[in-house]
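Please look through the structure below.

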Amino acid sequence: MTIPTSAPAFSLDDHHGRTHTYRFPRPLVTVLCFGDMVSAFQLASWIEPLYLKFRDQIDIIGIAAFRGVPDIFRELVRTSIEKLSPKEVLIDWDGEVSRAYGLTFGQCRVVVVAPDGTVVQAVNGTATPATFRRVTDSIAGAMPESTATRSASDANLA
């Protein structure tokens, strides 16, 4: 499945019930991390390493695709997410946003969106050294010039 070259805007509620709207352009590179009930564990190989590498230079958005969960179980799902995740997680109850970005059942999906809204990279599954490098290179290449320059000089300090 392919996704559009321009990132579609969307609004989803987080596990606290607060609505978040994402439209492009945005000031930072946005990394959308999609997971379903089967693939959610794969996201750990992406989210923390990406955060440690880029910190506040990118916006990482976790999205749980829980299409088909009956209303009666939704509060249980929200509570479970709250116990497992220190960060806000958006919930895609009908699966439309996840489908628009190419999530397939059983594999997490990581999508890199440049500040202008161009989708510059999308990968499926657990991070490997090769896929992690592809994603981080895409992020670095999509960063505004001032941010990319700061990253390079920060790396020289280490």
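The charged end of lysine 87 lies over the ring of tyrosine 51, 5.9 Å from the ring centre. Lysine 53 is placed over the face of phenylalanine 54, with 5.8 Å to the centre of the ring. A charge sits over a ring if NZ of Lys or CZ of Arg is within 6 Å of the ring centre and within 35 degrees of the ring normal.

This is a predicted model, in which local features need pLDDT of at least 70 and side-chain atom pairs count only at pLDDT 80 or more, while totals for chains, interfaces and linings use all residues. Residues are numbered from 1 along each chain as its sequence is written, and side-chain values use heavy atoms, with hydrogens and water left out.

One aromatic cluster consists of Phe10, Tyr22, Phe34 and Tyr101.

Aspartate 14 belongs to strand β1, residues 10-14 (strands are DSSP runs of E, at least two residues; helices are runs of H or I, at least four). Aspartate 14 counts as buried because its relative accessibility is 1%, where buried means under 20% relative accessible area, exposed over 50% and partly exposed in between, with a 1.4 Å probe and protein chains only. Its side chain reaches the backbone nitrogen of histidine 16 at 2.7 Å.

Isoleucine 72, in helix α2 (residues 71-84), is exposed, with a relative accessible area of 71%. Together, Ile72, Phe73 and Leu76 make a nonpolar surface patch of about 360 Å² (residues with over 30% relative accessible area and no salt bridge, nonpolar side chains being joined within 5 Å and like charges within 9 Å). A salt bridge is a side-chain nitrogen of Lys or Arg within 4 Å of a carboxyl oxygen of Asp or Glu.

How values were computed
Accessible areas come from the Shrake-Rupley method with a 1.4 Å probe; for residues, only the protein chains shown count as cover. Rings of Phe, Tyr and Trp (its six-membered ring) pair if their centres lie within 6.5 Å; planes under 30 degrees apart count as stacked, over 60 as edge-to-face and the rest as tilted. A polar contact is a pair of N or O atoms within 3.5 Å; within protein, one must be able to donate a hydrogen and the other to accept it, and residues adjacent in sequence count only if both atoms are side-chain atoms.
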